[in-house]
Amino acid sequence: MPLNDVPWTRPVTIRLQCGLERTFTGVYDALDFLENEWPLRHGERHERAVKTCRRALNGVVPAVIAREAFMAACLEAGMPAVMAPVKAAPKTQPIRVPRAVSI
């Protein structure tokens, strides 16, 4: 992760046009994808997402705003977000401590 990255509290997984899924953990990852690997170049939401991600990296807007802008751009390009199932906390049993037997 680059030093100037702004991580998201929840990663974003999108389904690419080829069918593969890709996960983005922060603003820098999203901006790199928007600028270097984007399948559409002229979408309104794409341009807004690029600007918003740059502003988030500069500390001007919160990371959550950049996350939402990125997700909107992905949806505009036909790459919907994949909702990951919420992982429940593992159920744990209390540890049984053996009792000392007195003789």
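**Helix packing and an aromatic cluster in a predicted model**

Of the 103 residues in the protein, 30% are buried (under 20% relative accessible area with a 1.4 Å probe and protein chains only; exposed is over 50%, and partly exposed lies in between). The model is predicted, so that local features require pLDDT of at least 70 and side-chain atom pairs count only at pLDDT 80 or more, whereas totals for chains, interfaces and linings use all residues. Residues are numbered from 1 along each chain as its sequence is written, and side-chain values use heavy atoms, with hydrogens and water left out. The mean pLDDT (the predictor's confidence in each residue, from 0 to 100) is 85, and 77% of the residues reach 70 or more.

The secondary structure comprises three helices and two strands, assigned as DSSP runs (H or I of at least four residues for helices, E of at least two for strands) and numbered from the N terminus. From the N terminus on, the order is β-β-α-α-α. Among these elements, mean pLDDT is lowest in strand β1 (residues 7-15), at 92, and highest in helix α2 (residues 44-57), at 96.

In helix α1, the buried residues are V27, A30, L31, F33 and L34. They cover an arc of only 160 degrees around the axis and therefore lie on the same side of α1; the arc is that of the directions from the helix axis to the C-beta atoms. These buried residues pack against β1, β2, α2 and α3, where contact means heavy atoms within 4.5 Å.

In helix α3 (residues 63-76), A63, A66, R67, A69, F70, A73 and C74 are buried. Their arc of only 165 degrees around the axis puts them on the same side of α3. The buried residues of α3 pack against β1, β2, α1 and α2. Just after α3, G78 adopts a positive phi of about 80 degrees.

Five aromatic pairs were counted, taking rings of Phe, Tyr and Trp (its six-membered ring) with centres within 6.5 Å, and classing planes under 30 degrees apart as stacked, over 60 as edge-to-face and the rest as tilted. The rings of F24 and F70 have centres 4.9 Å apart and planes at 65 degrees, so this pair is edge-to-face. Because F24 lies in strand β2 and F70 in helix α3, the pair ties together parts that are 46 residues apart in sequence. F33 and F70 also form an edge-to-face pair, at 6.4 Å centre to centre and 80 degrees between the planes. This pair links F33 in helix α1 with F70 in helix α3, 37 residues apart. One aromatic cluster is formed by W8, F24, F33, W38 and F70.
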